[in-house]
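Dear colleague,

Please find below the structure that I am handing over to you. My notes on it follow directly after.

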Amino acid sequence: MTELVAAPAHRQRMSRARPLLALAKAETRLFLRDPVTTLLGILLPAAVLAGLGAVPALREPAEVFGGLRFTEYFAPSLLAISIAVLGVQNLPTGLATYREKGILRRMSATPVSPFAVLVVQLLLNLVTVALGTVLMVAVAVGVFGVTAPRHPLGFALAFLCGTGAVFAIGLLIAAVAPRAKVATGIGTVVFMVTQFFAGVYLPKFLLPDVIVRIGDFVPPGIGAFQGAWTGDGADPVQLAVMALIAVVATGTAARFFRWE
Amino acid sequence: MPVIEVHELHKRYRDHVAVHDVSFAVEQGEIFGILGPNGAGKTTTVECIEGLRSPDGGSISVLGLHPLRDRVELRRVLGIQLQASELPEKMRVGEAVELFASFYPDPADAGELIERWGLGPKRKTAFAALSGGQKQRLSIVLALVGNPRVAILDELTTGLDPQARRDTWAAIEQIRDSGVTVVLVTHFMEEAERLCDRIAVIDAGHVVALDTPAGLVASLPGAQRLRFRPSAPFDDAVLTALPEVSSVRRTGRTVEVTGSGELLHVVTTELARHQVVAIDLRLDQATLDDAFVALTGHAAEI
């Protein structure tokens, strides 16, 4: 009976890439139909910076900011917004909803594995974060004259490790939350924690030293972004901690993740 | 060679055994029904066949493939309709069908399938805006879009209104006529009786009967039931002596006789010999419902 089900080789080859592309297309379409998250993730950091940048006093260099202007000082913190909106809110809520509605299970009843859905969702959210980050840096540098990141490689690494850590935590939330609502709840709390420690709610100069110190190691690790953008480079210890969090959280998520 | 062979399937969950010992074979081109009360192990059985669950014992072969080892190959030839599964709210009918079509090496024409199942006008409608019947039809379309050789449909018509249910039945016959073997899980007697070529009745994790719908009914000891008022008194023994009669009961003045074969003929002849006329005589044929109750000890429709 096996010969009846074996498809010609070219067809099998085609059928491996085609479903993934179709899935990516379909998910992108759905992603764009929910413009709030997308816009929030992409535009909010740049918009906040633009709002602050419109205040003349905040464009003057000041002692408290280590001789930097406030916009320059604050810009790295704002990067945490896109990373966390998509990483710990959109990603886990999306995956948990798919699981709750039996969509992942429906996928596992087709030749395509539900793992493909997870990968596509992950990539979509990552691409959105990357867009948000690029836009934010572009606005900062292009409109408000903030210096371009001084250590581009360190900046890229900070982005990679920091985003990796936040997304891994997002996966972990999706893995342990029994229902989509719970995922959203946990995601919101985690989001606020990341924003607080990144200095989004209160700029770092208003925070006690110890909080700032801890914040350097809370994903996405804005300390490393700051170091690479306006300082002397990303702190390798911070980068290593983010990478470690990314690996451990992903591993734990993989262990506990349920497809149904 | 059977299309599906299930041999001594056993599956337990943490605290209870869902399937004790289930064996059956589904033949090419038939509509095979799996009938049983809720919680009998029907869905667990088909989920093992589909490779969505791993059995704790027994063996399953579908078109010669192993559900778990040959996962991908099996899914290319198996159309699956799950009992409760949704799609993303904002995904549109046409998009869903085309997406699923892309998963298969030799899919059916998405547009044609959508039309055939009456979803043409809903092609651009988001999943969340569909009615229950439309969602159900969409899930059938998704099960068929890969041009499967076997389709497994679980509680297909649950939640449909009577007209939609009838339409769905006609459509399932169409699927079979196009050469697809159909496995139908249901707890609706009428559906099983109307559609299935053969039925496995599952109760508490066991196959308690496997036959055609007519065969299941005929196997009942009291497949036929006569009711009448006798014109004159007579002794029950007159009738119980007949080989066709299995029981005689009296309720008030009404006599109820159950049995099989030429029951009507032998009973009236025998009564006539004793100068008794059967007044208000009625003959009831047993239905699959009765067979089901006799086999499982439960009432059917839940």
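Predicted model: local features only at pLDDT ≥ 70, side-chain atom pairs only at ≥ 80, totals over all residues.

Helix H4(A) passes helix H10(A) in a right-handed crossing. The residues that make this contact are Pro76(A), Ser77(A), Leu79(A) and Ala80(A) on the H4(A) side, with Ile222(A), Phe225(A), Gln226(A) and Trp229(A) on the H10(A) side. Sorted by class, the contact comprises six nonpolar and two polar residues, and no charged ones.

As to geometry, H4 of chain A spans residues 70–100 and H10 of chain A residues 222–229; their axes come within 9 Å and cross at roughly 135°.

The loop between helix H9 (209–215) and H10 of chain A contains Pro220(A). The peptide bond that leads from Pro219(A) to Pro220(A) is cis, and its omega is near 5°.

Turning to the interface, 25 residues of chain A are in contact with 26 residues of chain B. On the side of chain A that touches chain B, at least two residues each are supplied by helix H1 (2–5), helix H2 (9–32) and helix H5 (103–108) of chain A. The most comes from H2(A), which gives ten residues. By class, this side of chain A holds twelve nonpolar, six polar and seven charged residues.

Chain B is divided into two parts: domain 1 covers 4–212 and domain 2 covers 221–285. The C-alpha centres of domain 1 and domain 2 of chain B are 45 Å apart.

Two residues of chain B deserve a look at their backbone angles. Glu8(B) is placed in strand E1 of chain B, residues 4–12, and has a phi near 50°, a positive value in a residue other than glycine. Glu8(B) is partly exposed because 14 other C-beta atoms lie within 10 Å, a count between the limits of 12 or fewer for exposed and 20 or more for buried.

Ala204(B) also is not a glycine, yet has a positive phi of about 45°. Ala204(B) sits in the loop between strand E8 (198–203) and strand E9 (206–211) of chain B. Its 17 C-beta neighbours inside 10 Å are the reason why Ala204(B) counts as partly exposed.

With kind regards

Key
Residues numbered from 1 in each chain as written. Chains lettered and ligands numbered in written order. Contact = placed C-beta atoms within 7 Å. Helix = DSSP H or I, 4+ residues; strand = E, 2+ residues; numbered from the N terminus. Nonpolar A, V, L, I, M, F, W, Y, C, P; charged D, E, K, R; others polar. Axes fitted to C-alpha atoms, helices over the stretch in contact; angles between N-to-C directions. Left-handed = near helix turned anticlockwise from the far one by under 90°. Domains from an automatic or database assignment.
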